[in-house]
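Here are a few exercises to work through with the model open in your viewer. Try each one before you read the solution.

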Amino acid sequence: MQREFIRNFAIIAHIDHGKSTLADRLLELTGALSAREMQAQVLDAMDLERERGITIKAHAVRMNYTARDGRQYQLNLLDTPGHVDFSYEVSRSLASCEGALLLVDATQGVEAQTLANAYLAINHGLEIIPVINKIDLPSADITRTKEMIEQTVGLDAKDALPVSAKTGEGVPDVLEAIVKRIPPPKGSAETPLQALIFDSWFDPYRGVGVFLRVFQGTLHKGQKIRLWSNGKVFEVETLGVNTPKPVEIEELKAGEAGFLFANLKNVADTKIGDTITDDDRPAIEPLPGFEELKPMVFAGLYTVDAHEHTLLREALEKLRLNDSSFFFEPESSVALGFGFRCGFLGLLHMEIIQERLEREYQLDLITTAPSVRYKISRTDGDVVEVDNPSKWPPQGEIAKVEEPVILATILTNEEYVGGILKLVEEKRGRQKGFEYVSASRVMLTYELPLNEIVLDFYDRLKSVSRGYASLDYHLAGYWESPMVKLDIMVAGDAVDALSIIVHRDFAYDRGRALAAKMKELIPRQMFEVAIQAAVGAKIIARETVPAIRKNVLAKCYGGDITRKRKLLEKQKAGKRRMKRIGRVDIPQEAFLAVLRVGENA
Amino acid sequence: METPVAAAGIYISVPFCKTKCTYCNFASGVFSKAKYRAYVDQLCADIVGAHEIAAGQQAEFVAAADSIYFGGGTPTILPASHIRQIFAALRARFDVARDAEITVECAPGTLGPEVLDVLLACGVNRISLGVQSFADEEARAVGRLHTRDAALRDVEVLRRAGIADINLDLIAGLPHQSAQSWQQSLDDAISTGVPHVSVYMLEVDEDSRLGTELLAGGARYHAHHVPDDDLIAELYEIACERLSAAGLAQYEISNFASRGHESRHNLKYWTRQPYFGFGVDAHSMLPPGPEPARAGIDAIRFGMGDTLEAFLSAGNAARIAASSTVSIEGALEEELFLGLRLNRGVDLAALRRRYSSALLAGTHQKIAKLCSHGLLQHAGIQLQLTPRGRLLSNEVFAEFLAPRAAPAGGVTDARARHELHTAPVG
C-alpha cells in the first residue's frame, strides 16, 4: 500500500470509557470481523484484561477501509496499555502512530490517566481527535465534556466527535476523521531499515513475537535483521498482521505496522523501544527514545508450601517470557524460606503477576510488603541501592538515604478535595499545583515519596473520593529522607519478612500498629510470646500474646475415636500451614498484615 | 501368649429428644414419635444380627458383655415397651454379666414412675443425669427444660428407687456462667452425694447451633455470653479442685468419682477394650477376625451412619458409614492419646511388652520434650499428663500422631485458627 493511504493511530482512554467497545465497532464497520465472529472486546485477549477492563499488553490490528472518497485505506490501530505502570509501553505505542483518538466518557469527563497519555501524545506530535463517547446515556453532557477537554488537555474540542460506541452512533464519522485528519506516515521504503519494537510476547510454538512499526526501509521474509541494543542478528521467519486474525504477509514497508517471528528465544532480547535494522545495510542511527525499563516496586514472593518453590520458579520463568519488564532473582528469608525478590513496574503490575501466578499456576503465595529502591550513602563513602529491608545497612553506617519521589496528578471532583489533601499530606506529599479545570473539577499535582504510594495509597484514595479520583504518576527524582528500618521481633527473634522501611516520624505509630496487629493474628502458643517493634536496638512497641491455657476435647461421643483423631489431625495440619519462627507458629495472614497496617494507623 | 479377649461394652444410641439443646453437636434431634417404632425395630435387628455385622467387618464377635450404656438423645423418651424390646434383644444376643454396669442417660425432670419401673425391671443400675448446670438461667439459655429443683428431686427419687450409682453431667462454658455460678453448681452436685460427676467443657464446632453462632461471631443463643477460653480453663481447674476435695477423685480428663465408682463403660474407650455400638452414629471397636489378625491388624473400628435416614436405609454396606482397620502403629498412637486421658496414665512397661522397640523409639524424644514443657510427667512406670497438660491435652496428643498429608481441600485459615482453641475467645 502506498504510504499516503496508510493511517496509524491509537486510542487514548480511561478505564471504562469505552475503548474496547469502540475498537470492536471499528473492526465491525471495516468488515475485519463479522458480527458472528465478534467476541465482545476482541482486543483484550487475556482473561485478566477482560475482567479488569484494562489492556495490559499492546496489540496491533490492521483494517481495510473504503472511505467516502471511494479510496481504500489501511488503518492500523495500535492499542496501548491502559495503566500508569505501563507508561513507557504506552509511549512506544504512541511513538508508532501519527494520530490518536482521545476518547472521553460524556458522563465522566477527563480523567488523570487520559490526561497523562494525551500529553504524551501531544509531545510526540500526534494529531489528536477528541471523541466523546456514551452520548446515548441520559447523563451525558457533551458541552461540559468539550469544555473539560479544552481546559485540561488544551485541545480545540470544537470538532470533537460525539459517538456511542455501544449503539454505533457516530462511529462512521470517526473512521472518516481518521482518514481526513490524521496525516499519513513519512519515510521511504528504499532507505536502510528502521523499525520500532513496541511490544513483544511469547508464543510457545514459535518463540518470541514482536510487534513493530517500520519507519524507514522495508522488512521482508528471510531478511537478516539486527537488534540495535544488543547487536544480535536473526533471520525473519514470519511477517504478519492481525486483521484481527493473524495473516502472513511478504513484506512490511515504511509506514506500516505488523508482527514478526525470527526464531527469537528470549523476550529479554526484544526490548520495547529498541530499533530493528537490516544487518547488511544498517541504518546510521537508532530511532530515538529507547530506555531500559527499570522496576520501581519490589517485593518478595514465597510459596506457602515450601515444596512448591520449584513450581514458582518455573512459573516466574514462563511469565517472564511474556513480560520482559518484570524481574526476579532468588532470595531467602529466615522466616519464609526460599523465594524470589521480584521487581515490578508498579503496583498494578505486581498485582497482575501475583494474580496470574495464583490463577494460572495454582500457587498459594505469600508476598512481602512492597518496597522501593533507596539510594544509601554509607559513612565510608560507598553508595548502595537497597530495595530489600533485609539488606538495609546498620543505622550507624548510614550517612544519607535518598528515596524515589513521584510527581502525581490527581483529578477529582471538588467535594473530595478536602479528604484527598488530608491523605496526600499524611503521605508526606508536597503540593506542586492546585487548579480548577472546570467549575467543579480539580487537578492536584503533588510530589509524593513512592514509598508511601506502594503501601495503601490507591485504596485510600479510592475510599476518600468514593472512586471519583483518578491518579497518574511518573518518577520525578529523589528526596533525602530520614528513613529507618522497622523490625518486628517475635519471642526475641527478628522476623525478616515483617521488616519495613519507614520514615523516622512514622516509625513509632507503624510499629505500634504492627505489633498490635501481630498480637491479633498470632495464635496463642504453649508459652507467652512477646511481640516487639524495634528501630535498631530501640524497642518502640511491645505486645504480649498470653500462653494458651486450654486445648482439650472433653467428650467422647459413643466411643467415636476416629472423630477425635481427625480433629487432632486437623489441628496439626493447621499448624503445619503456619510458618514456624524460632518456637512460634506464625500464620500466613500475619505476613499479609504488613501490607495493610497503614489503614488504621 | 494370647491375652484373653476382654468382655465388651455395648452402646445403644437413642437419637430422639423433645428439644435440641443449643450446644448439642451430636446426631440427635427432634423426630416424630412415628419414627420410634421403625428405629427400635432396626436397632433390635442389628443387635440380634450383631455377629453378622461383625463378620461383615472381618471383626471378631465378642459375646461377653459387662457394660451397657444407653446414650442420646434422650433414651427415656422411648415408650416402656420399646425399652423392654431392646433389652430382650441384648440379652438374646450377648452374654450379659450378672454384675454388668447398665447405665441410661436421663434428662432431669423426665423420670416418672413408669420410666423408673421399666428401667429397674430391665436391670438398669446406673443413671447419668444431664444436669449441665444447677443455675436455672444457664440451663434455660441453652434449651434445657429442667430446673435446679427438678434435678435435685430426681437424685432423691433414684436413691429411693434403689439406684445409688448416679452420675451428674456438668458443662463448663455455658452462656452466662461465671466463676461464682459455677462454684454454686459444683456445690449443688457435691451436696447430693452422688459418686460420679462428669465435667465437660463447651465444644465449639459447626455441628451445634451455639458453636456455629460463636464461630460466626453472632449473638444468637446467648453466644455473646459464653465465657472466654481462659475463664473456661479456670472453671475447669475449680472443678478439679472442689470435686477432689469432696472425695470425687479425677480419674479421666472429664470424669470424677469416689473410689470404686468409675464408669466401667467409659473406661473401655480409654483402655481400648472392645465395644459394640448400635443405632445412629454409634461406634464399635472389635478385635480383628482371623484374616486381618494374620495381617497384623490390631483392631477394627466402624460406625453406623450419622443420620436417621442413613441408619434406616437398606443394606449394611450403606448403613455402616465408616470402617477402618487399626494397624499396630495406629494402636500405639491410640494407647497414648486415649490412655493419657486417664489420670493414672499409660503403663510404659506394658507398652514395652506389647510394641517393638523400633516402634517405641519414635516416642522417646516426644515424651522427653513434652515432659520438659511441663505437660507430661513420669510416676514410676506410668506416664501421665500434668494438670496443665490435661488442659492442653490436644497439644500433647497431636505430638503422638504420625504426620499425615493435610486434608484435601483444606479448611480455611480462619477455621483452622478457631480449631486451635476449641472454645471461643470473647
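**Exercise 1.** In which strand of chain A is the place of Thr367(A)? Then work out whether Thr367(A) is buried or exposed, and list what it touches.

*Solution.* Keep in mind that this is a predicted model.
- Step 1: look up the secondary structure; Thr367(A) belongs to strand 20, residues 365-367 of chain A.
- Step 2: check the relative accessibility, which is 3% for Thr367(A), so the residue counts as buried, the cut-off being under 20%.
- Step 3: leave out residues up to four places away in sequence, and Thr367(A) touches Ala299(A), Gly300(A), Leu301(A), Met350(A), Gln354(A), Phe591(A), Leu592(A) and Leu595(A).
- Step 4: look for polar atoms, and you get a side chain to side chain polar contact between Thr367(A) and Gln354(A) at 3.1 Å.

**Exercise 2.** At what angle do helix 12 of chain A and helix 14 of chain B pack?

*Solution.* 
- Step 1: take the axes of helix 12 (residues 561-576) of chain A and helix 14 (residues 328-339) of chain B; they are 12 Å apart, at an angle of about 85 degrees.
- Step 2: that angle makes helix 12 of chain A roughly perpendicular to helix 14 of chain B, since 65 to 115 degrees is the range for that label.
- Step 3: pick out the residues in contact: Ile561(A), Lys564(A), Arg565(A) and Leu568(A) on helix 12 of chain A meet Gly330(B), Glu333(B), Glu334(B), Phe337(B) and Leu338(B) on helix 14 of chain B.
- Step 4: sort them by type, and this contact has four nonpolar, one polar and four charged residues.

**Exercise 3.** How many aromatic pairs does the structure hold over all chains? Take two of them apart.

*Solution.* 
- Step 1: the total over all chains is 28 aromatic pairs.
- Step 2: Phe16(B) and Tyr36(B) have ring centres 4.4 Å apart and planes at 35 degrees, a tilted pair.
- Step 3: Phe16(B) is in the loop between strand 1 and helix 1 of chain B, and Tyr36(B) is in helix 1 of chain B, so the pair ties together parts 20 residues apart in sequence.
- Step 4: Phe276(B) and Phe302(B) come out as edge-to-face, because their planes are at 85 degrees, with centres 5.9 Å apart.
- Step 5: both Phe276(B) and Phe302(B) are buried.

Methods
Residues are numbered from 1 along each chain as its sequence is written. Chains are lettered from A and ligands numbered from 1 in the order in which they are written. This is a predicted model: local features need pLDDT of at least 70, side-chain atom pairs count only at pLDDT 80 or more; totals for chains, interfaces and linings use all residues. Side-chain values use heavy atoms; hydrogens and water are left out. Axes are lines fitted to C-alpha atoms, for helices over the stretch in contact, and angles run from 0 to 180 degrees between N-to-C directions. Helices (H or I, at least four residues) and strands (E, at least two) are DSSP runs, numbered from the N terminus. Angles under 35 degrees count as roughly parallel, over 145 as roughly antiparallel, 65 to 115 as roughly perpendicular and the rest as oblique. Contact means heavy atoms within 4.5 Å. Ala, Val, Leu, Ile, Met, Phe, Trp, Tyr, Cys and Pro count as nonpolar, Asp, Glu, Lys and Arg as charged, and the others, Gly among them, as polar. Buried means under 20% relative accessible area, exposed over 50%, partly exposed in between (1.4 Å probe, protein chains only). A polar contact is a pair of N or O atoms within 3.5 Å; within protein, one must be able to donate a hydrogen and the other to accept it, and residues adjacent in sequence count only if both atoms are side-chain atoms. Rings of Phe, Tyr and Trp (its six-membered ring) pair if their centres lie within 6.5 Å; planes under 30 degrees apart count as stacked, over 60 as edge-to-face and the rest as tilted.
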